[in-house]
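Let's walk through a model together, one feature at a time. Have the coordinates open while we talk.

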Amino acid sequence: MRPLGVIKIDKTMDIKLIQNAIIIEISVNENHYNFFLDSGFPFSFSKDLTHVSNLDLKIENEFKLDLQKSTVDTSDLEKHLGIKLSGFLGLNFIQKFENFSINLIENKIEFNTLIDCDFSLPMLSVNPIITNFSIENTNKNGFALFDTGAFQSMFFDLNDLSIRYKSSKGWAFPSAFGKMLIDYYAEIPIYFEKQNLGNYTFGY
């Protein structure tokens, strides 16, 4: 997350994209473990492994990350995703790298690479990863957490948006910390400064 310079590509890894969840497979001693990539969670944990390293990911950038012992029941989330999870890779995993790039079309993740993008948002904080944008018009600025574990864009404060946009209410959704009930609101325009980034669906 430090300023981008001329950085050597360490490795391009395949990822699994399941129900908008980013899954990284780690191989240790010919055993395979699925980890949920969650940039909104501060630490990493596993019910199978005590640590992961660059050798497990088969990348050049040397690191070793201790994993906390999992006390989280992920059974509902595993049923929803249709896979067995070993644990979560959180923000302390991401901070081992200068930067990372997730390609959701090719289902790949690159660590420490020059990033070519259509548009970029400045980060106000990297721990946690915070940016800002405007909802509906350029006057409604707000802070946003970059959270790969959220599955979808979410509001924490709905205000009066619920009366102006099409909605679908009462969806039950599993998470690592229990079942959530979510209402969805569609076609909400998002702006950064004066640039329209498009219309999106948000949960609340």
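Q: How exposed is lysine 108, and what does that label rest on?
A: The idea is a relative accessible area: buried is under 20%, exposed is over 50%, and partly exposed is in between, with a 1.4 Å probe and protein chains only. Lysine 108 has 27%, so the residue counts as partly exposed.

Q: Before we go on, what kind of model is this?
A: It's a predicted model, where local features need pLDDT of at least 70 and side-chain atom pairs count only at pLDDT 80 or more, while totals for chains, interfaces and linings use all residues. Residues are numbered from 1 along each chain as its sequence is written, and side-chain values use heavy atoms, with hydrogens and water left out.

Q: Which residue forms a salt bridge with lysine 108?
A: Side chains of opposite charge can pair when their charged atoms come close. The rule here asks for a side-chain nitrogen of Lys or Arg within 4 Å of a carboxyl oxygen of Asp or Glu. For lysine 108 the partner is aspartate 14, with the closest N and O atoms 2.8 Å apart. Aspartate 14 sits in strand 1 (residues 11-14) and lysine 108 in strand 11 (residues 108-111), so the pair links distant parts of the chain, 94 residues apart; strands here are DSSP runs of E, at least two residues, and helices are runs of H or I, at least four, numbered from the N terminus. Aspartate 14 is exposed, at 55%.

Q: How many salt bridges does the rule give?
A: Four. Among them is lysine 16 with glutamate 25, whose closest N and O atoms are 3.3 Å apart. Lysine 16 is partly exposed at 31%, and glutamate 25 is partly exposed at 35%. Another joins lysine 47 to glutamate 78 at 2.9 Å between the closest N and O atoms. Lysine 47 lies in the loop between strand 5 (45-46) and strand 6 (51-53), and glutamate 78 in helix 2 (residues 75-81), so this pair ties together parts 31 residues apart in sequence.

Q: Are the two ends of that last pair buried or exposed?
A: Lysine 47 is partly exposed, at 32%. Glutamate 78, at 15%, is buried.

Q: How do I read the sheet, and what is its strand order?
A: Start with pairing: two strands pair if DSSP finds at least two bridges between them. Here six strands make an open sheet in the order 2-3-4-9-5-8, with mixed pairing. Strand 2 (16-18) and strand 8 (68-69) are the edges, each pairing on one side only. Further in, strand 4 (residues 31-37) and strand 9 (residues 87-89) run parallel, joined by three bridges. Look for phenylalanine 35 opposite glycine 87 in strand 9.

Q: Which residues have the most contacts inside the largest nonpolar core?
A: In soluble globular proteins, nonpolar side chains tend to be buried together. A nonpolar core is a set of buried Ala, Val, Leu, Ile, Met, Phe, Trp, Tyr and Cys residues joined through side-chain atoms within 4.5 Å. The largest has 23 residues, and Phe93 and Phe111 have the most contacts inside it. Strand 3 (21-28), strand 4, helix 3 (91-94) and strand 11 each supply at least two of its residues, with strand 3 giving the largest share, four.

Q: What does phenylalanine 93 touch?
A: Taking contact as heavy atoms within 4.5 Å, and leaving aside neighbours within four places in sequence, phenylalanine 93 meets Ile24, Leu37, Ser44, Leu57, Phe63, Leu65 and Phe111. Apart from this core lies another, of 15 residues, including Ala21, Phe36, Ile83 and Leu85.
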